[in-house]
Amino acid sequence: MTAERRTGMRWAAAATGLLMLTGTLMLAAPAAATADGTAADPVEAVTDRLVQHGRSETGAASAADEPRVSVTRSSEGWAFGTAVLATEPGSARMPQGWLFVAEHKDDGWQVAFEGQEEFAALSERAPVVEEAEKPLFAQQDGRQPDARESVTGQPGTMAGGDFRTGMALPTTVGAGTVMTSGPHGWGGYEHPWSSLDFAGGDQVVRAAREGTAYTMCTGWIRVIHDRGYATDYYHLWDNISTNGGWVGSGAYLGYTGTDVTCGGAAYGRHVHFGLRQNSQYVAVAGHNLGKWVIYNGASAYQGSALHGSHRVYAGGVLHNYGALGLTQAVVDANGGGSLNKRTGPGTGYAVAGSVADGATVSIACSSNGTSHTGRYGTTSLWNRLTDGTWVSDAFLWTGVNGPINGWC
């Protein structure tokens, strides 16, 4: 354990007055219950609700799961922390976990977990929630577009037609890493196929996008991003200890590992990376990470990633090109080569240079022009680049079926 982590842990203990008891953070000297039988401390109140919440959210909670509730911040009548349903180490079932906020009232504790409408409302009022967290939590209450898979396991209404994440791969930008497993469930074969596995390279696991970070348990970090997204990183070795600390894109989170402190299994060191939106795991297929578009395979753990026209299958090396900006696109010439740039929105305009397959371009605005067919279908949409030239949207991956930076 580093000196920085030891100092952070001492500060957290002093600030909250918590004691570590059997792996669960408890308030010092808690009373068992109030006179009317309601839970007297937030740990007991959250624990009472946790299994029921896990069963309603995932359908997978088991009586054998071990509730682990950590109050990481407390103030008069308020509590904030993490609530995890841990499974057996080596189990085929993965742990489930949520942030929570709780307020004490005359009739006991009101508890809200990520994804519940009450979570955003309580967080807005809670003195134990930082100002930087409040807008991110407000976007975790289900207001973002739906990104769940259809019953076939293929992308359904994915993100309301908006696949942009602004995320890099959870690795070092500019380096390569092996995508050891393609899209699969957080717990394996179940849908949604929200997760990818990465290993090799420098073995450093990094935040895919900036946000506030939380240690769910040893080996497991969650980062809450904007636009309703969050990312999970599990099996880490030497992971950071954080209680809502701000992390930048590419910030160190830990090393690939085989940690299963909260349960699940890890066969060989890697990071189990999960994509979440609206406080639930969502299909990663169709989204762009590190300028790669992720594709499902015929079954879980298969699949591929596409950068321009270059496809890499599970087991291959992905170069981390960094995050694709929300008004940027990756050129997909649908077979390699290059794409002509024009002086206007159509092939009747003069050629004004070209741009290579896989290149990143920045879009100023869009307009309709001549129709063309690319990998993603036929369209008459053309995009004006920031250098003043035009390219057909048929040969770009933008993540949106339409303009991404307004009309010209």
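Residues are numbered from 1 along each chain as its sequence is written, and side-chain values rest on heavy atoms, with hydrogens and water left out. Since the model is predicted, local features need pLDDT of at least 70 and side-chain atom pairs count only at pLDDT 80 or more, while totals for chains, interfaces and linings take in all residues.

Confidence first. Mean pLDDT (the predictor's confidence in each residue, from 0 to 100) is 87 for the protein, and 83% of its residues reach 70 or more. Residues 1-38 have pLDDT below 50, and beyond near neighbours in sequence that stretch makes 49 contacts in the model, a contact being heavy atoms within 4.5 Å. Residues 146-159 are likewise below 50, with 39 contacts beyond near neighbours in sequence.

On to the rings. Rings of Phe, Tyr and Trp (its six-membered ring) pair if their centres lie within 6.5 Å; planes under 30 degrees apart are stacked, over 60 edge-to-face, and the rest tilted. That rule gives 13 aromatic pairs. In one of them, W292 and Y321 have ring centres 6.0 Å apart and planes at 40°, so the pair is tilted. It links distant parts of the chain, 29 residues apart: W292 is in strand β18 (residues 292-295), and Y321 is in the loop between β21 (317-319) and β22 (328-331). Helices (H or I, at least four residues) and strands (E, at least two) are DSSP runs, numbered from the N terminus. W292 is buried at 1% relative accessibility, whereas Y321 is partly exposed at 36%; buried means under 20% relative accessible area, exposed over 50%, and partly exposed in between (1.4 Å probe, protein chains only). Elsewhere, F80, F119, F137 and Y214 make up one aromatic cluster.

Strand β18 also belongs to an open four-stranded sheet, ordered β17-β18-β19-β20 with antiparallel pairing. At its edges are β17 (288-289) and β20 (310-313), each with a single partner strand, so one side of each has no neighbour in the sheet. Pairing here takes at least two DSSP bridges between two strands; β18 and β19 (residues 304-307) have three, in the antiparallel sense. Within this pairing, V293 sits opposite L306 in β19.

S194 is buried, with a relative accessible area of 0%. Leaving aside neighbours within four places in sequence, its contacts include H184, W186, F273 and Y281.
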